[in-house]
2 protein chains.
Amino acid sequence: MKYIEKLRNSGLRPTKQRIQICEVLFNTEKTFHFTINELEQKIKDKIDNKISLATVYNTVHAFEKKGYLKQIPINSNQTYFDTNVTDHHHFYDLKDGKLIDLENSDVGPIDIKRKINGKKIKSIEVLVKLED
Amino acid sequence: MKYIEKLRNSGLRPTKQRIQICEVLFNTEKTFHFTINELEQKIKDKIDNKISLATVYNTVHAFEKKGYLKQIPINSNQTYFDTNVTDHHHFYDLKDGKLIDLENSDVGPIDIKRKINGKKIKSIEVLVKLED
DNA sequence: TTTGTAGTTTATAATGGTTCTAAATAACTG
DNA sequence: CAGTTATTTAGAACCATTATAAACTACAAA
């Protein structure tokens, strides 16, 4: 299994649950956005054994910390995650609440002119809200 | 009272509570960011009578709908609002969770090259995360 | 005024996503 | 294996937010 090494290399024990969640998250052609509930559903669909909700939360947070997932800053009652951890931005369709990737090449360079003393920029995230 | 007209003009009845919340939110030299809990505290400090939590929520949402407040898209367990409704962006200091305004003039123009069929851009929001 | 009505406020309950807990289980190391 | 530590799990707890429904208030029409 290709994920066993990935997990071990990040200091995470390659448990059955983590490997299965890796399959659901990363064994896909395209990256995608999800909430915990959506991920839980995907897991139910693709996997025979049950994985407890707490484990899904634990795993997603562990993966986020390791940089395998990113949270998407958006105002919603649920937290959105992205399996696309490359530098990119999002459209957010207010009508249906759906997110659409905006590749970095779709956005001109972002020039932040102001500096904050003693701080450096960790990331720049652009959210483009869409309406009809 | 200057807020009575403002409220009435937006189709909101100028109740005592709404006027008082206006004072707390808008009768300041500088704009500011807040969560509902922080606003509740401010209200307690500045106002003699009690305003119920539900009213604070109702009012903030009403003001947001009318465009007097903006939600700040950020991942937090609480929702952040901004009394600065002009077009601008934010630094977010990950260390202490504080937000800092980034005036539009501090950010070069943002060029969104991709279009989504039948949708138009309502807003563009940039969140610049800071670390030490 | 007075009165009717629609809008607001309020305390409290309900909701629901997320986190905590502590016991059972599984992975790892020697 | 045996011992240790990490992980999983079900369920409880947490807590921001929303819903409820009764009391109250602004307002307009008579």
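Q: Great. What kind of model is it, and how are things numbered?
A: This is a predicted model, in which local features need pLDDT of at least 70 and side-chain atom pairs count only at pLDDT 80 or more, while totals for chains, interfaces and linings use all residues. Residues are numbered from 1 along each chain as its sequence is written, chains are lettered from A and ligands numbered from 1 in the order in which they are written, and side-chain values use heavy atoms, with hydrogens and water left out.

Q: Salt bridges, then. How many are there over all chains?
A: The count over all chains is 10 salt bridges. The rule asks for a side-chain nitrogen of Lys or Arg within 4 Å of a carboxyl oxygen of Asp or Glu.

Q: And how many between chain A and chain B?
A: Between chain A and chain B the count is eight salt bridges.

Q: Can you show me one inside chain A?
A: Asp132(A) and Lys95(A) form a salt bridge through their side chains, at 2.6 Å from N to O. Asp132(A) is in the segment after strand E6 (120-131) of chain A and Lys95(A) is in the loop between strand E4 (89-93) and strand E5 (98-102), so the pair ties together parts that are 37 residues apart in sequence. Strands here are DSSP runs of at least two residues and helices (H or I) are runs of at least four, numbered from the N terminus.

Q: Buried or exposed, that Lys95(A)?
A: Lys95(A) counts as exposed, at 62% relative accessibility, and Asp132(A) is partly exposed at 44%. The cut-offs are under 20% relative accessible area for buried and over 50% for exposed, with partly exposed in between (1.4 Å probe, protein chains only).

Q: Which residues are linked with Lys95(A) and Asp132(A) in a network?
A: Asp93(A) and Lys119(B) are linked with them in a network of salt bridges.

Q: Now across the chains. What does Asp106(A) pair with?
A: Asp106(A) meets Arg114(B) in a salt bridge, 4.0 Å from N to O. Asp106(A) lies in the loop between E5 and E6 of chain A and Arg114(B) in the loop between strand E5 (98-103) and strand E6 (120-131) of chain B, so this pair joins two chains. Asp106(A) is buried at 17%, and Arg114(B) is partly exposed at 31%.

Q: And what about Asp106(B)?
A: Asp106(B) and Arg114(A) meet in a salt bridge, 4.0 Å from N to O. That pair also crosses between chains, from the loop between E5 and E6 of chain B to the loop between E5 and E6 of chain A. Asp106(B) counts as buried at 16% relative accessibility, while Arg114(A) is partly exposed at 31%.

Q: How much area is buried between chain A and chain B?
A: About 3500 Å², with carbon and sulfur atoms giving 53% of that. Buried area is the accessible area (1.4 Å probe) that two parts lose on being put together, summed over both. The contact takes 39 residues from chain A and 39 residues from chain B, where contact means heavy atoms within 4.5 Å.

Q: How do E6(A) and E6(B) run relative to each other?
A: They run antiparallel, and 11 bridges join E6(A) to E6(B). Strands count as paired if DSSP finds at least two bridges between them. Within this pairing, Leu127(A) stands opposite Glu125(B) in E6(B).

Q: Switching topic: what order do the strands of the open sheet in chain A take?
A: The order is E1-E3-E2, three strands with antiparallel pairing. Strand E1 (33-34) and E2 of chain A are at the edges with a single partner strand each, so one side of each is left without a neighbour in the sheet. E2(A) pairs with strand E3 (residues 80-82) of chain A over three bridges, and Lys70(A) stands opposite Asp82(A) in E3(A).

Q: Last one. Where does His90(A) lie?
A: His90(A) lies in strand E4 of chain A and counts as buried at 6% relative accessibility.

Q: What does the side chain of His90(A) make a polar contact with?
A: With the side chain of Asp82(A), at 2.8 Å. A polar contact is a pair of N or O atoms within 3.5 Å; within protein, one must be able to donate a hydrogen and the other to accept it, and residues adjacent in sequence count only if both atoms are side-chain atoms. Leaving aside neighbours within four places in sequence, His90(A) is in contact with residues including His33(A), Ile72(A) and Leu127(A).
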